[in-house]
Amino acid sequence: MTRLKTTLGDNEHSIAGVLDRASEAAQGDEISIREAVESLGHVSYGALILLPALLVVTPLSGIPGFSSVLGLTIALVSGQTVIGSKSLWLPEWILRRKVETGKLKKALGYLRPPAAFVDRYTKQRLSVLVRPPARSALQLACMVCGLAMPFLELVPFSSSILAAAVSFFATALIARDGLLAAVGLVFVGG
């Protein structure tokens, strides 16, 4: 069990910026979850929830166990935000998991056009949905969705629906855009 050295702030960043940091970290043949998390280490918890959620939305979710590991990662990070932790802890067995950098970069490439689109249109609105106490409710919803993903892995790609909702919630938290939080709630309700 490892507590990562970096202290995480609550800085606003674009989705494209999160994807760029993950892509920059993907060197060599494989990248571990530890390397990906440390590459995002000084950005917000929102980014550390967003990246795994976005990856589960891609075809990478078809890899056995991938959705489960990233779902548990989402749940752990979200749970720490709910309790107000200032530094991130993840179990060593999650941090050691690896994905091929070629597959990761390809998945990140799929995400770039929608990320650019979302970045263009997000803005601060409906802020009541991203401020406390609603903020904590969104973080709790991310945690519940992450915990459900391992169970959905029995049906290939079904965890992508919950990952899409988590993506909306995390983006709403990063961009302070309550409209995206509302869209995420529609996904969860569906």
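Predicted model: local features only at pLDDT ≥ 70, side-chain atom pairs only at ≥ 80, totals over all residues.

Trainee: How do the axes of α3 and α6 cross?

Mentor: One reads the distance between the axes together with the angle. The axes of α3 and helix α6 (residues 101-121) come within 10 Å and cross at roughly 95°. Angles of 65 to 115 degrees count as roughly perpendicular, and α3 and α6 are therefore roughly perpendicular to each other.

Trainee: At what angle do α3 and α4 pack?

Mentor: Helix α3 (residues 45-57) packs against helix α4 (residues 66-82) at an angle of about 160°, and their axes are 9 Å apart. With a cut-off of over 145 degrees for roughly antiparallel, α3 and α4 are therefore roughly antiparallel to each other. The crossing in which α3 passes α4 is left-handed.

Trainee: Which residues of α3 and α4 meet?

Mentor: From α3 come Y45, L48, I49, P52, A53, L55 and V56, and they meet F66, S67, L70, T73, I74, V77, S78 and T81 in α4. This contact of α3 with α4 divides into 11 nonpolar, four polar and no charged residues.

Trainee: How are α3 and α8 arranged relative to each other?

Mentor: α3 and α8 pack at an angle of about 150°, with axes 8 Å apart. They are therefore roughly antiparallel to each other, and the crossing of α3 and α8 is left-handed. In α3, the residues G46, A47, I49, L50, A53, L54, V56 and V57 meet S159, S160, A163, A164, V166, S167, A170, T171 and I174 in α8. Sorted by class, the contact of α3 with α8 has 12 nonpolar, five polar and no charged residues.

Trainee: What is A163 in contact with, leaving aside its neighbours within four places in sequence?

Mentor: A163 lies in helix α8 (residues 159-175). With those neighbours set aside, A163 is in contact with A53, V56, V57 and M149. A relative accessible area of 0% makes A163 buried. A163 and T58 are 105 residues apart in sequence, yet 9.6 Å apart in space, C-alpha to C-alpha.

Trainee: Which residues touch the most other members of the largest nonpolar core?

Mentor: The general idea is that in soluble globular proteins nonpolar side chains tend to be buried together. Here the largest nonpolar core has 52 residues, of which L19, L55, L108 and V166 touch the most other members. α3 gives the most to this core, with 10 residues.

Trainee: With its neighbours within four places in sequence left aside, which residues is L19 in contact with?

Mentor: L19 is in contact with L51, L54, L108, L111, R112 and A115.

How values were computed: Residues numbered from 1 in each chain as written. Heavy atoms only, no water. Axes fitted to C-alpha atoms, helices over the stretch in contact; angles between N-to-C directions. Helix = DSSP H or I, 4+ residues; strand = E, 2+ residues; numbered from the N terminus. Parallel < 35°, antiparallel > 145°, perpendicular 65-115°, else oblique. Left-handed = near helix turned anticlockwise from the far one by under 90°. Contact = heavy atoms within 4.5 Å. Nonpolar A, V, L, I, M, F, W, Y, C, P; charged D, E, K, R; others polar. Core = buried A, V, L, I, M, F, W, Y, C linked by side-chain atoms within 4.5 Å. Buried < 20%, exposed > 50% of the residue type's maximum accessible area, 1.4 Å probe, protein only.
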